[in-house]
Amino acid sequence: MKAWASALDPSSASGIRFLADPTAEFTRALDLAFDGGAVFGGARSKRYALVIEDGKVSQVHVEPDNTGVDVSTAEKVLKDW
């Protein structure tokens, strides 16, 4: 996550927090985990984007096939925001 944050927001000006979920605890709490054992070796996160406003989730964009790139793209999320 650190390398991704450094590449995308090197000056930390965006206010975006880049967070990892190595044990999938957060993912499971959101009910966004799926069994990726056959390919990835264990529980994996569905692809999703959350919009957080004033510390609360205001929008959830979850890919219907778990891993595609359609509803969770930045362009689609920002369009709906």
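Colleague: In which helix is Trp 4 placed?
Modeller: Helices are DSSP runs of H or I, at least four residues, and strands are E runs of at least two, numbered from the N terminus. Trp 4 sits in helix α1, residues 2–8. This is a predicted model: local features need pLDDT of at least 70, side-chain atom pairs count only at pLDDT 80 or more, and totals for chains, interfaces and linings use all residues. Residues are numbered from 1 along each chain as its sequence is written, and side-chain values use heavy atoms, without hydrogens and water.

Colleague: In what sense do β3 and β4 pair?
Modeller: Two strands pair if DSSP finds at least two bridges between them. Here β3 (residues 48–53) and β4 (residues 56–62) are antiparallel, over six bridges. Tyr 48 lies opposite Val 62 in β4. The hairpin has two residues between the strands, and Asp 54 there takes a positive phi near 55 degrees.

Colleague: Is Ser 72 buried or exposed?
Modeller: Buried means under 20% relative accessible area, exposed over 50%, partly exposed in between (1.4 Å probe, protein chains only). Ser 72 counts as buried because its relative accessibility is 8%. Ser 72 belongs to the loop between β4 and α4 (74–80).

Colleague: How many salt bridges does a search of the whole structure find?
Modeller: A salt bridge puts a side-chain nitrogen of Lys or Arg within 4 Å of a carboxyl oxygen of Asp or Glu. The search finds one. Asp 70 and Lys 76 form a salt bridge through their side chains, at 2.9 Å, N to O. Asp 70 is partly exposed, at 39% relative accessibility. Lys 76 is also partly exposed, at 38%.
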